[in-house]
Amino acid sequence: MSETNLPAEPEHGDSEITPTSGFATKRGMWSGGPGDTSGYGGIQRTLEMPGQSSQPFGDPFDAIYDRAREVIPSLQRNRVLFDRGELTIFVDRAELAAVVATFRDDAFLRFEVCMSVSGVHYPQDTGAELHVVYDLMSFTHNRRVRLEVTCPESDPHIQSVVATYPMADWHERETWDMFGVIFDGHPALTRILMPDDWAGHPQRKDYPLGGVDVEYKGAWVPSPDNRRTYS
């Protein structure tokens with residue numbers, strides 16, 4: 001890889017991130033298949049799971065993290081990631097309900113709103129293949145933090161946060177629909193994008209990229225599974 005394609009150096013206030021070992025090598029924009037015109041055909045990258053970040057993170061993230069560990073001592077043993085000006089705190093799934101309630105109710109933290117709940121599938125993260133990410137917003141203090149919870153594909157259960165953040169209802173349904181994470185205690189965990197009888201969860205990495213051929217203004221475009229190899 002040329003120097004022009006190397007990651008940028010951390011900006012002021014960004015902490016160093018200790019990555020874990022690489023799990024795959026990615027070439028070009030699409031990883032395989034025929035060449036493309038994106039200009040990225042010569043790139044070769046080693047994919048790594050991010051490890052642990054260390055303080056200082058800069059204001060207000062140090063204050064958020066210190067207060068969170070003060071009122072929730074169990075967070076001291078959990079992973080934390082600070083990258084590109086965003087703080088992510090990993091939470092044990094058994095403690096999620098208590099943690100989000102504290103993040104909402106503590107006067108210093110006061111994260112009143114859960115802006116989104118989204119899923120990520122890392123097949124190579126053995127025992128924690130499914131990740132659920134909660135973006136919290138404090139209107140009181142005008143700042144954000146991200147909580148992340150993992151669970152294995154063999155036991156895809158995570159406690160619902162709807163009791164604390166009612167607006168998470170639809171987000172949890174979408175995460176269940178697309179990734180298959182079961183949110184225990186959700187008032188009505190049903191599909192929201194796919195038909196009720198749909199088999200599988202389309203945004204998992206091992207889900208086949210199928211599709212239908214498309215004809216547009218006389219041009220014929222084959223379905224995604226017949227165009228190129230994505231991975």
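Select Phe 57, Phe 61, Tyr 65 and Phe 82: together they form one aromatic cluster. Rings of Phe, Tyr and Trp (its six-membered ring) pair if their centres lie within 6.5 Å; planes under 30 degrees apart count as stacked, over 60 as edge-to-face and the rest as tilted. This is a predicted model, in which local features need pLDDT of at least 70 and side-chain atom pairs count only at pLDDT 80 or more, while totals for chains, interfaces and linings use all residues. Residues are numbered from 1 along each chain as its sequence is written, and side-chain values use heavy atoms, with hydrogens and water left out.

Searching the whole structure gives four aromatic pairs. Keep Phe 61 and Phe 82 on screen: their ring centres are 5.0 Å apart and their planes are at 55 degrees, so this pair is tilted. Phe 61 belongs to helix H1 and Phe 82 to strand S5, so the pair ties together parts 21 residues apart in sequence. Helices (H or I, at least four residues) and strands (E, at least two) are DSSP runs, numbered from the N terminus. Phe 61 counts as buried at 14% relative accessibility, and Phe 82 at 2%. Buried means under 20% relative accessible area, exposed over 50%, partly exposed in between (1.4 Å probe, protein chains only).

Now select Phe 103 and Phe 111. They make a tilted aromatic pair, 5.8 Å centre to centre with 40 degrees between the planes. Phe 103 is buried at a relative accessible area of 0%; Phe 111 is also buried, at 0%.

Next, show helix H2, residues 96–105. Its buried residues are Leu 96, Val 99, Val 100 and Phe 103. They lie on the same side of H2, because they cover an arc of only 95 degrees around the axis (taken from the directions from the helix axis to the C-beta atoms). Their cover includes helix H1 (61–71) and strands S6 (86–90), S8 (130–138), S9 (143–151) and S10 (157–159). Contact here means heavy atoms within 4.5 Å.

Move to Ser 74, in the loop between H1 and strand S5 (80–83). Ser 74 is buried, at 14% relative accessibility. Its side chain joins that of Glu 95 through a polar contact of 2.8 Å. A polar contact is a pair of N or O atoms within 3.5 Å; within protein, one must be able to donate a hydrogen and the other to accept it, and residues adjacent in sequence count only if both atoms are side-chain atoms.

Finish at S5 and S6. They run antiparallel, joined by four bridges; two strands pair if DSSP finds at least two bridges between them. Val 80 has Ile 89 in S6 as its bridge partner.
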